[in-house]
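The following exercises concern the structure shown below. Each task is followed by a worked solution.

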Amino acid sequence: MAEDGQDPSLADQEDDEPKGLNEEFSELPPVLKGDEKLIELLPGATDNAASFLFRYEDHTLGNALRHIIMKNPQVEFCGYSIPHPAEAKMHIRIQTYDDVSAQEVLEKGLDDLADLCDVVVEKFNEARNESDSQMTA
């Protein structure tokens, strides 16, 4: 073990670029918190199968995103895990059929989930406003 408690054989692997990726996977859109990427492509990805690391996320996003992505008929498998409960990290794995990009499926899933959240907020506000108007009538 190195002085900082990290296995020296793993230190070099963390900085390596993922191998065997097409150019579209080489760089995810920059979603940053300070200088730290919030979403990162994990090593070992191919065109239609990839794992992504989400920093500062947990089961709340993981289960909802997995559910939305699995509704896509082009998706063969989607699952998520929380590697350790003391770390704010979530891994999500996406496998697609044929020539469908796992990254595109992830982006569509995030967009669809955001749209669903917008509908929930809108319906909530409508119900609250209706309830408020009945209370004052």
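A disulfide is a pair of cysteine sulfur atoms within 2.5 Å. The model is predicted, local features need pLDDT of at least 70, side-chain atom pairs count only at pLDDT 80 or more, and totals for chains, interfaces and linings use all residues. Residues are numbered from 1 along each chain as its sequence is written, and side-chain values use heavy atoms, with hydrogens and water left out.

**Exercise 1.** State how many disulfides the whole structure holds, and classify Cys78 as buried or exposed.

*Solution.* The search of the whole structure gives 0 disulfides. Next, apply the classes: buried is under 20% relative accessible area, exposed is over 50%, and partly exposed lies in between (1.4 Å probe, protein chains only). Cys78, at 5%, is buried, whereas Cys117, at 42%, is partly exposed.

**Exercise 2.** Determine the strand order of the open sheet and which strands stand at its edges.

*Solution.* Strands (E, at least two residues) and helices (H or I, at least four) are DSSP runs numbered from the N terminus; two strands pair if DSSP finds at least two bridges between them. The 4 strands follow the order S3-S4-S6-S5, with antiparallel pairing. S3 (39-41) and S5 (75-81) each have a single partner strand, so one side of each lacks a neighbour in the sheet. Antiparallel strands S5 and S6 are joined by 6 bridges.

**Exercise 3.** Locate Gln95 and identify the residue opposite it.

*Solution.* Gln95 belongs to strand S6 (residues 89-96). Phe77 stands opposite Gln95. With a relative accessible area of 26%, Gln95 is partly exposed.
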